[in-house]
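Visitor: Please take one part of this chain and look at it closely. Then show me how the rest of the chain is arranged around that starting point.

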Amino acid sequence: MPGLLLGDEAPNFEADTTHGPIRFHDFLGDSKRNVKMIALSIDSVQDHLSWCKDINAYNGDQPAEKLPFPIIADKNRELAVKLGMLDPDELDKDGMPLTARVVFIFGPDKKLKLSILYPATTGRNFDEILRVVDSLQLTAYKKVATPVDWKPGDSVMVVPTLPEEEAKKLFPKGIFTKELPSGKKYLRYTPQPE
C-alpha cells in the first residue's frame, strides 16, 4: 500500500512548482515557526497559477499568480500515488480519483512526524494544524506530552517514563498528579515549560 508512515523519511523528489523547480530535501529548512508550507495538486503549473489568481481574489487580495508557498504540479499523479493521497470515492470527469486533503509534517531530520488525511470533500482545519505544530515542537525538546484539546500555554503531561526525581528537577514549577481509581500515578501534569 503506497503512502508514508510515521518515522519514514520524506522522499527526495524533484518537481515543478508555481515557484520554480525544487528538490524536496533542499526545499525543507528554516522558516517562520521553523515550518515551511508546500502544496501538491494533480494539475499543471499553469493551471495552478490561474487557480492562485482565483484564491487571491476570493481572499480580497489582488489576483496575483502566486501564493506565499509553492504548489507542486503532479499532473500524472505519480507523487500523489506514492504518498497515498488519492481519494477513491471522489472522481474527476474522466473517472480518475481526486487527491485527498492531506497534511504531512516532517521534522528537521526529514522524517514524517504527523499525517492527517481528509477526504477530498472536507477542508483542513488550520487552527488544528498550528496547534499540532506547536505540540510537536514542544514535545520534541521537552519530556512532555500534550493532552487532548491542549493549546499553547495550557498545562502539559510529564511523560510516564520519566522518573519522579528527574521530573521534579526538570519541572521546578511543580507537578500535580491526577488521582485515578487504579491508584496509578501516570497522569502527571506541569505548567508548560519555556
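**A residue in strand 5, and the chain around it**

Guide: Once neighbours within four places in sequence are set aside, Glu 90 touches Met 96, Pro 97, Leu 98, Ala 120 and Thr 121; a contact here means heavy atoms within 4.5 Å. The model is a predicted one, in which local features need pLDDT of at least 70 and side-chain atom pairs count only at pLDDT 80 or more, while totals for chains, interfaces and linings use all residues. Residues are numbered from 1 along each chain as its sequence is written, and side-chain values use heavy atoms, leaving out hydrogens and water.

Glu 90 belongs to strand 5, which covers residues 86-91. Strands (E, at least two residues) and helices (H or I, at least four) are DSSP runs, numbered from the N terminus. With a relative accessible area of 27%, Glu 90 is partly exposed. That label sits in between two others: buried is under 20% relative accessible area and exposed is over 50%, using a 1.4 Å probe and protein chains only. From C-alpha to C-alpha, Glu 90 and Tyr 141 are 40 Å apart in space, and 51 residues separate them in sequence.

Now the whole chain. Five helices and 12 strands make it up. Its radius of gyration is 21 Å, well over the 16 Å given by the globule rule for 194 residues, so the chain is more spread out than a compact globule. That radius is taken over C-alpha atoms, and the rule is 2.2 Å times the number of residues to the power 0.38. Along the principal axes, the C-alpha atoms fill a box of roughly 60 × 35 × 30 Å. Of the 194 residues, 32% are buried. Among contacts with a separation of 6 or more, 44% join residues 24 or more positions apart.

Next, the surface. The chain exposes about 12,500 Å², and carbon and sulfur atoms supply 53% of this area. Such areas come from the Shrake-Rupley method with a 1.4 Å probe, and for residues only the protein chains shown count as cover. The chain has 26 positive and 29 negative charges, whose mean positions are 8 Å apart. Lys and Arg count as positive and Asp and Glu as negative, without His and the chain ends; each charge is placed at NZ of Lys, CZ of Arg, CG of Asp or CD of Glu.

The largest nonpolar core has 18 residues, and Phe 13 and Phe 24 touch the most other members. Helix 1 (24-27), helix 3 and strand 7 (101-106) each supply at least two residues of this core. A nonpolar core is a set of buried Ala, Val, Leu, Ile, Met, Phe, Trp, Tyr and Cys residues joined through side-chain atoms within 4.5 Å. Beyond four places in sequence, the contacts of Phe 24 are Ala 10, Pro 11, Asn 12, Phe 13, Ile 38 and Phe 106.

Several loops are worth a look too. Pro 21, in the loop between strand 1 (14-15) and strand 2 (22-23), is exposed at 70% relative accessibility. Apart from neighbours within four places in sequence, Pro 21 is in contact with Ala 15 and Asp 16. The C-alpha atoms of Pro 21 and Lys 169 are 49 Å apart.

Lys 75 lies in the loop between strand 4 (71-73) and helix 3 (78-82). Lys 75 is exposed, at 58% relative accessible area, and outside four places in sequence it touches Ile 42, Asp 43 and Ser 44. Between the C-alpha atoms of Lys 75 and Val 158 there are 46 Å.

Ile 175 sits in the loop between helix 5 (164-170) and strand 11 (176-177) and is partly exposed at 24%. Beyond four places in sequence, the contacts of Ile 175 include Val 158, Glu 164 and Tyr 189.

Finally, backbone angles. Most residues other than glycine have a negative phi. Lys 110, in the loop between strand 7 and strand 8 (112-118), has a positive phi of about 70°. Asp 149, in the loop between strand 9 (144-145) and strand 10 (156-158), has a positive phi near 65°. Lys 110 is partly exposed at 24% relative accessibility, and Asp 149 is exposed at 61%.
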